Amino acid sequence: MISDNDVKDLERLMSLRNPLSHFRHVDDASNLERRSLDGGAHPDVLIRRDADFAIGLAARVLAKPGFRLG
(Lines give C-alpha, C1' and ligand atoms only; values in the text may rest on other atoms or scores of the structure.)
Protein backbone atom coordinates (compact mmCIF):
# COMPACT_ATOMS: atom_id res chain seq x y z
CA MET A 1 0.00 0.00 0.00
CA ILE A 2 2.88 2.36 0.77
CA SER A 3 5.70 2.44 -1.76
CA ASP A 4 9.41 2.46 -1.06
CA ASN A 5 9.46 6.15 -2.02
CA ASP A 6 6.67 6.83 0.47
CA VAL A 7 8.68 5.08 3.18
CA LYS A 8 11.74 7.17 2.31
CA ASP A 9 9.68 10.37 2.46
CA LEU A 10 8.00 9.33 5.72
CA GLU A 11 11.42 8.71 7.25
CA ARG A 12 12.52 12.15 6.05
CA LEU A 13 9.41 13.65 7.61
CA MET A 14 10.11 11.89 10.92
CA SER A 15 13.64 13.27 10.92
CA LEU A 16 12.46 16.84 10.37
CA ARG A 17 10.22 17.20 13.41
CA ASN A 18 9.20 20.68 14.35
CA PRO A 19 12.37 22.79 14.67
CA LEU A 20 10.55 25.36 16.77
CA SER A 21 9.50 22.92 19.48
CA HIS A 22 12.21 20.23 19.41
CA PHE A 23 15.60 21.54 20.46
CA ARG A 24 18.61 20.44 18.46
CA HIS A 25 22.16 21.46 19.28
CA VAL A 26 23.70 23.85 16.76
CA ASP A 27 26.20 21.15 15.75
CA ASP A 28 23.33 18.90 14.64
CA ALA A 29 23.01 19.00 10.84
CA SER A 30 19.22 19.13 11.19
CA ASN A 31 19.29 22.19 13.46
CA LEU A 32 17.30 24.95 11.79
CA GLU A 33 20.01 27.59 12.15
CA ARG A 34 22.66 25.14 10.91
CA ARG A 35 20.51 24.23 7.90
CA SER A 36 20.04 27.94 7.22
CA LEU A 37 23.77 28.65 7.35
CA ASP A 38 24.72 25.59 5.34
CA GLY A 39 22.09 26.12 2.66
CA GLY A 40 22.08 29.90 2.55
CA ALA A 41 18.31 30.10 3.03
CA HIS A 42 16.43 32.08 5.68
CA PRO A 43 14.98 29.87 8.45
CA ASP A 44 11.46 31.00 7.51
CA VAL A 45 12.02 29.66 3.99
CA LEU A 46 13.20 26.32 5.39
CA ILE A 47 10.17 26.05 7.67
CA ARG A 48 7.91 26.79 4.70
CA ARG A 49 9.64 24.15 2.56
CA ASP A 50 9.37 21.61 5.37
CA ALA A 51 5.66 22.39 5.80
CA ASP A 52 5.00 22.16 2.05
CA PHE A 53 6.78 18.80 1.98
CA ALA A 54 4.82 17.49 4.99
CA ILE A 55 1.45 18.59 3.63
CA GLY A 56 2.21 17.23 0.17
CA LEU A 57 3.30 13.90 1.60
CA ALA A 58 0.21 13.64 3.79
CA ALA A 59 -2.04 14.42 0.82
CA ARG A 60 -0.24 11.90 -1.40
CA VAL A 61 -0.35 9.07 1.14
CA LEU A 62 -3.92 9.74 2.27
CA ALA A 63 -5.11 9.80 -1.37
CA LYS A 64 -4.11 6.16 -1.78
CA PRO A 65 -7.01 3.70 -2.15
CA GLY A 66 -6.39 2.09 1.24
CA PHE A 67 -7.03 5.38 3.04
CA ARG A 68 -10.15 6.48 1.16
CA LEU A 69 -13.41 6.61 3.05
CA GLY A 70 -16.79 5.88 1.55
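**View 1. Asp52 and Arg48 form a pair within helix H3.** Both Asp52 and Arg48 belong to helix H3, where they are four residues apart, or about one turn of the helix. The model shown here and in the views that follow is predicted. The side chains of Asp52 and Arg48 meet in a salt bridge, with 3.3 Å from N to O. Side chains of opposite charge can pair in this way when their charged atoms come close. Asp52 counts as partly exposed because its relative accessibility is 44%, whereas Arg48, with a relative accessible area of 55%, is exposed.

View 2. The closest N and O atoms of Asp38 and Arg34 are 3.5 Å apart. Helix H2 covers residues 32-39, and because Asp38 and Arg34 are four residues apart in this helix, about one helical turn separates them. Asp38 has a relative accessible area of 57% and is therefore exposed, while Arg34, with a relative accessible area of 25%, is partly exposed.

**View 3. A salt bridge between Arg35 and Asp50 links helix H2 with helix H3.** The side chains of Arg35 and Asp50 meet at 2.9 Å, taken from N to O. Arg35 lies in helix H2 and Asp50 lies in helix H3, so this pair ties together parts that are 15 residues apart in sequence. Is Asp50 buried or exposed? Asp50 is buried, because its relative accessible area is 10% and the cut-off for a buried residue is under 20%.

**View 4. Arg12 lies over the face of the Phe53 ring.** The distance from Arg12 to the ring centre of Phe53 is 3.7 Å. As for pairs between aromatic rings, the count for this structure comes to zero.

**View 5. Ala58 and Asp6 are compared in sequence and in space.** How far apart are Ala58 and Asp6 in sequence, and how far apart are they in space? Along the sequence 52 residues separate Ala58 from Asp6, whereas in space the distance from C-alpha to C-alpha is 10.0 Å. Ala58 lies in helix H3, and because its relative accessibility is 37%, Ala58 counts as partly exposed.

**View 6. Five residues make a nonpolar patch on the surface.** Met1, Ile2, Val7, Leu62 and Phe67 together make this patch, which has an area of about 470 Å². Leu62 is found in helix H3, which covers residues 43-62. With a relative accessibility of 52%, Leu62 counts as exposed, because the cut-off for an exposed residue is over 50%.

**View 7. The whole protein follows the pattern α-α-α along its sequence.** The protein has three helices and zero strands. Its C-alpha atoms fill a box of roughly 45 × 20 × 20 Å, taken along the principal axes. The radius of gyration of the protein is 14 Å, whereas a compact globule of 70 residues would have a value near 11 Å.

Technical notes:
Residues numbered from 1 in each chain as written. Predicted model: local features only at pLDDT ≥ 70, side-chain atom pairs only at ≥ 80, totals over all residues. Heavy atoms only, no water. Patch = residues over 30% accessible without salt bridge, like charges linked within 9 Å, V, L, I, M, F, W, Y side chains within 5 Å. Areas by Shrake-Rupley, 256 points an atom, 1.4 Å probe, with all protein chains shown as cover. Salt bridge = Lys/Arg side-chain N within 4 Å of Asp/Glu carboxyl O. Helix = DSSP H or I, 4+ residues; strand = E, 2+ residues; numbered from the N terminus. Buried < 20%, exposed > 50% of the residue type's maximum accessible area, 1.4 Å probe, protein only. Phe/Tyr/Trp six-rings, centres within 6.5 Å; stacked < 30°, edge-to-face > 60°. Lys NZ or Arg CZ within 6 Å of the ring centre and 35° of its normal. Rg over C-alpha atoms; globule rule 2.2 N^0.38 Å.
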